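The points below are grouped by topic.

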Amino acid sequence: MTLEPKSAICVLGTGLIGGSVLRAAVATGYEAWAYNRSHTGVRAARADGFDVSDDIETVLRRAAADDALLVIGVPMPALDSILSDVRLFAPRCALTDVVSVKAPVAEAVHRYELGARYVGGHPMAGTSESGWAASTPDLFRDAAWAVGVDPGTHAQTWSRVAQLALDCGADVVPVLAEEHDRAVARISHLPHVLAEALAVAGAGGGDLALGLAAGSFRDGTRVAGTAADLVRAICEPNATALLDALDDTLRLLTAARTSLAAEGTLGELIDAGYSERIRYQDLERWEITDIRPGDQDWLGRLHEAGQRGGVIRSLD
């Protein structure tokens, strides 16, 4: 499929992820502008030289006139309001998002009758900081960026979304929405919950314990430094998958506790955990080079390749 010149990009929400998309898009030559509801955030972005406004109607009418790709970067609680505005002012624009769950977003998008040109997206990158000040054009460098290949996906829109991810420096991982949500429950949302629990348990040892804490506690609780409302907005919309992950984790911990109490050993957990960590460190992704949007059964073939660890690094 022949790629068109870089299309205009309109980012809706300029927090850590949305702001980083805007910075990266501008840095790689896109015409890009954004909306943010926070007057303070708008002023900060403008002070850094970016075209950001708090007038959603003006921003979206411009997007409609320029056939911009809309990138939704707001948390789940603000999604309905944004989609309502998109349906009113720019219903024909291609649409993607960078929200941490995919199935609930897709459901909302279709509820607002915007599904024809929607492709879900989720860059697997972030920090414990939030807001425009934390954003950076390099946030997605060498990161995985999930791009949806659900049935009915529009090939041209998919190409625009994938190309944006590639231009931001990421590897594109083709994935179905439901499978994405089950996966991120275990490698993104569960770590948030465990970090919060570790922070509370560690603090239970008082100031002495916190004064002695070093690398393992610092690294294990890093994401507990994320704003509480943002953690809830990330994790709670994925409740079903997160409950499964928590149940598995509790079984592992209960078995280790039982073994420690009865035999003075943590059982199989330590060896298994070490083995899986090494497997993660040594995991090598391979490049998908022979499937293009619009090819016969391209969605199914990309889905299968993504399941086997394939990534896209170029659409040329």
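Phe140 is buried, with a relative accessible area of 0%. The model is predicted, and the structure holds 3 aromatic pairs.

**Aromatic pairs**

- In the pair formed by Phe50 and Trp132, the ring centres lie 5.3 Å apart and the planes stand at 70 degrees; because an angle over 60 counts as edge-to-face, the pair is edge-to-face.
- This pair links distant parts of the chain, its members being 82 residues apart.
- Phe50 belongs to the loop between helix H2 (39–47) and strand S3 (52–53), whereas Trp132 belongs to the loop between strand S7 (121–123) and strand S8 (144–148).
- Phe50 and Trp132 are both buried.
- Phe140 and Trp145 also pair, with ring centres 5.1 Å apart and planes at 55 degrees, so their arrangement is tilted.

- Asp51 is located in the loop between H2 and S3.
- With a relative accessible area of 39%, Asp51 is partly exposed.
- A distance of 10.0 Å separates the C-alpha atoms of Asp51 and Cys10, which are 41 residues apart along the chain.

**Helix packing: H7 and H10**

- Helix H7 (residues 177–203) and helix H10 (residues 228–235) have axes that come within 9 Å and cross at roughly 140 degrees.
- H7 and H10 are therefore oblique to each other.
- The crossing in which H7 passes H10 is left-handed.
- His189, His192 and Glu196 of H7 make the contact with Val231, Ile234 and Cys235 of H10.

**Helix packing: H4 and H5**

- Helix H4 (residues 79–89) packs with helix H5 (residues 103–111) at an angle of about 35 degrees, and the axes are 10 Å apart.
- H4 and H5 form a right-handed crossing.
- On the H4 side the contact involves Leu79, Asp80, Leu83 and Arg87, and on the H5 side it involves Val105, Ala108, Val109 and Arg111.

How values were computed: Residues numbered from 1 in each chain as written. Predicted model: local features only at pLDDT ≥ 70, side-chain atom pairs only at ≥ 80, totals over all residues. Heavy atoms only, no water. Phe/Tyr/Trp six-rings, centres within 6.5 Å; stacked < 30°, edge-to-face > 60°. Helix = DSSP H or I, 4+ residues; strand = E, 2+ residues; numbered from the N terminus. Buried < 20%, exposed > 50% of the residue type's maximum accessible area, 1.4 Å probe, protein only. Axes fitted to C-alpha atoms, helices over the stretch in contact; angles between N-to-C directions. Parallel < 35°, antiparallel > 145°, perpendicular 65-115°, else oblique. Left-handed = near helix turned anticlockwise from the far one by under 90°. Contact = heavy atoms within 4.5 Å.
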